[in-house]
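Here are a few friendly notes to read alongside the model. Please keep the 3D view open as you go.

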Amino acid sequence: MNLESILSERLSKLKLFCLEPQRAEESVNEFVEAWRELGCEIIEQQLQAQLEAAESNYQGSSQRRPKVYQTPLGTIELNRRVYGRRKGEIRGEKDLGLPPDGWFTDVKELSCALGVSSEFAHANRLLEQWSGVKVSEKTLSNHVERYGREWIEAAAAVPPDPVCPIISSVTEATTQQPKRPIFYIGADGIHTPMRQGGTREAKVGVMFWETDHLRLSKTRAIVKRREYVATLDGVESFREQLNRCYAQTVQQSPHQVVFLGDGAPWIWLMASLLFPGAIQILDFFHVSEYLWDVAREAFVDDDEQKEWVETQQEVLKQSQWPSVIKAAQRLPPGCCIITTSPVEWH
């Protein structure tokens, strides 16, 4: 059946919108699905015709091999001629620029975004719902992992542009500098369950501009745009990926880095190496846990513990961490070990 016949037949059967009340969403979904199926059928027919036209320029093929392609409109299958007995060269596919792995770029990016943001069963369902692409959960997980490795290798092969130097706290204290936009970077280690059992620590980083942090109310805020970095590899690999993403994001924009983290030594060592002039902020939740540990050792009464912790938290909110250390040192001797090193408090 030619293209004109397909269009004529489908359009005659296509219902634009049902006139029954309370069915608008259902009607729109049916309409979208019908057009997606039609588009997928047209793409498959057109690409097959172009593939055969390209193959007509070659001789020596004795067989055809089908191959599935994942397009933004759904899954299609093309029959390609194979040339050469040993290598099995697919010349027509190369001439047309068809993706060698069978995944068109848009649907590849969508599948990866879904795969890394939710469980593969849920991601697979959404992928089929939004694009018409039908694959197994195993195929989706393998694809996401493979594409992730390819992305890391491709990003590592491109040297990042030099970035505009950040302003150190010493420089700001001694010279008059124009105020620069704040660029936030955070890092943490998260124990992630593995399919084969057990867990591994995934190192995760996030970064965003202060202007992308929007206050919706007194108790709620959102970040409208941010960049993520994550890996199951070691600290060195994570440090390289974090630095590369940082360089590609800020580029030549003047800025001041503010680094956020918990008390893990590897995080603060990395922050000092990559961003020596950054303002370092210890996560308030984690430092509060340390305060409670001190309070439990110093006071028996629960109310006294709570009163002492809440008092020190208010002091910390004013960035007066030396006062908190002095307050802890004034507690009864031997109840806890207090360090005077600001590196532990950031």
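1. Which residues lie nearest the centre of the largest pocket? They are Val116, Val144, Gly148, Ala230 and Thr231, out of 42 lining residues. This is a predicted model, where local features need pLDDT of at least 70 and side-chain atom pairs count only at pLDDT 80 or more, while totals for chains, interfaces and linings use all residues. Residues are numbered from 1 along each chain as its sequence is written, and side-chain values use heavy atoms, leaving out hydrogens and water.

2. The largest pocket holds about 1900 Å³ of space. (A pocket is an open set of points on a 1 Å grid over the protein atoms alone, where a 1.4 Å probe fits, with protein on both sides within 12 Å along at least five of seven lines; lining residues have an atom within 4 Å of a point. The volume is the space filled by probe spheres set on the points.)

3. Helix 6 (137-157) gives the largest share of that lining, ten residues. Helices are DSSP runs of H or I with at least four residues, and strands are runs of E with at least two.

4. Now to the largest nonpolar core, which has 34 residues; Ile185, Leu242, Tyr246, Phe259, Phe275 and Trp308 touch the most other members. (Such a core joins buried Ala, Val, Leu, Ile, Met, Phe, Trp, Tyr and Cys through side-chain atoms within 4.5 Å; buried means under 20% relative accessible area with a 1.4 Å probe, protein chains only.) Apart from it lies another core of eleven residues, including Leu126 and Val144.

5. Beyond its neighbours within four places in sequence, Leu242 is in contact (heavy atoms within 4.5 Å) with residues including Ile185, Phe259 and Phe275.

Technical notes: Buried < 20%, exposed > 50% of the residue type's maximum accessible area, 1.4 Å probe, protein only.
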